Amino acid sequence: MNNITMKLVCDDLILAALKEDITSEDISTEAVTRENMRGEAELICKEDGVIAGLDVFKRVFELLDENTEVELYAKDGDEVKNKHLLARIRGDVRVILSGERTALNYLQRMSGIATYTRGVVKLLEGTKTKLLDTRKTTPNMRVFEKYAVKVGGGCNHRYNLSDGVLLKDNHIGAAGGVANAVKMAKEYAPFVRKIEVEVENLDMVKEALDAGADIIMLDNMSHDDMEKAVAMIAGRAQTECSGNVTAENIKKLTDIGVDFISSGALTHSSPILDVSLKNLHTI
């Protein structure tokens with residue numbers, strides 16, 4: 001994650017997370033460290049996986065004290081092993097203790113997403129299909145979670161509601177049908193924005209095609225109908241399939257020939273990767 005993104009986007013979110021954890025003082029730390037003591041601790045991986053969020057981990061401590069030193073021995077995207085030493089942190093013991101949980105929360109969550117994503121991407125190897133995330137992210141964690149998807153080898157769908165046009169079932173209902181929804185979107189949205197339409201059956205596929213949709217999302221359709229839909233579209237629009245896609249069932253979709261498969265599970269169901277800050281001692 002580059003320094004510009006970190007300072008413009010992430011710093012305020014990280015500070016909010018720290019303020020959530022420290023509303024007035026860290027009572028436990030203040031009780032055992034009555035004065036400034038310099039210390040060192042080790043960041044250790046406790047299971048195999050893909051690491052993501054090391055710069056965010058580091059930034060937590062820097063925001064508490066800019067003099068904190070974090071020496072990294074891995075980089076985002078690396079496949080790490082159990083007992084792997086990932087980093088050493090040196091600085092005020094009070095900073096290390098107070099920032100530990102927030103820093104680990106980010107690193108564990110982001111690494112879990114990257115690990116799960118890497119596994120799903122491998123299931124798509126040998127196909128033209130790219131793996132997409134969704135907006136099913138933890139509130140105020142989207143920038144971190146979508147970054148972790150990219151670290152894991154996945155691709156980002158739109159970042160937020162301002163990032164692109166996606167006409168889902170309720171938008172279509174509000175507009176009175178697929179054709180009118182696409183027509184209204186073309187009249188309103190900037191010309192540089194692609195228009196994606198979510199469809200649930202072959203009749204809607206035809207409507208979306210006739211209306212000039214740029215991307216057609218095949219949502220919760222049967223395998224046979226999705227194959228028919230791809231044949232019907234025949235390259236006139238990009239294709240995406242979605243609907244409860246997980247690592248367990250994605251292989252069943254690889255022969256359909258869609259351009260993209262989107263999976264909310266990447267961000268809402270990935271287990272964390274277990275990492276720990278250990279061996280704190282004064283120096």
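Helix 4 bends by about 50 degrees at Glu100 in this predicted model. The helix covers residues 93–123. At 1.5 Å a residue, its 31 residues should span 45 Å, and the end C-alpha atoms lie 44 Å apart, so the two values agree.

Strand 5 comprises residues 85–92. Six of its eight residues are buried, which leaves the strand mostly covered. Two pairings involve strand 5. Strand 1, residues 38–45, pairs with strand 5 over seven bridges, in the antiparallel sense. Within strand 5, Leu85 stands opposite Ile44. Strand 3, residues 69–72, also pairs with strand 5 in the antiparallel sense, here over four bridges. Arg88 of strand 5 stands opposite Glu71.

The wider setting is the whole chain. The protein chain contains 10 helices and 12 strands. Its C-alpha atoms fill a box of roughly 70 × 40 × 25 Å along the principal axes. Of the 283 residues, 48% count as buried. Among contacts between residues at least 6 apart in sequence, 70% join residues at least 24 apart.

Notes
Residues are numbered from 1 along each chain as its sequence is written. This is a predicted model: local features need pLDDT of at least 70, side-chain atom pairs count only at pLDDT 80 or more; totals for chains, interfaces and linings use all residues. Side-chain values use heavy atoms; hydrogens and water are left out. The expected span of a helix is 1.5 Å times one less than its number of residues. The bend at a residue is the angle between axes fitted to the seven residues ending there and the seven starting there. Buried means under 20% relative accessible area, exposed over 50%, partly exposed in between (1.4 Å probe, protein chains only). Two strands pair if DSSP finds at least two bridges between them. Contact means heavy atoms within 4.5 Å.
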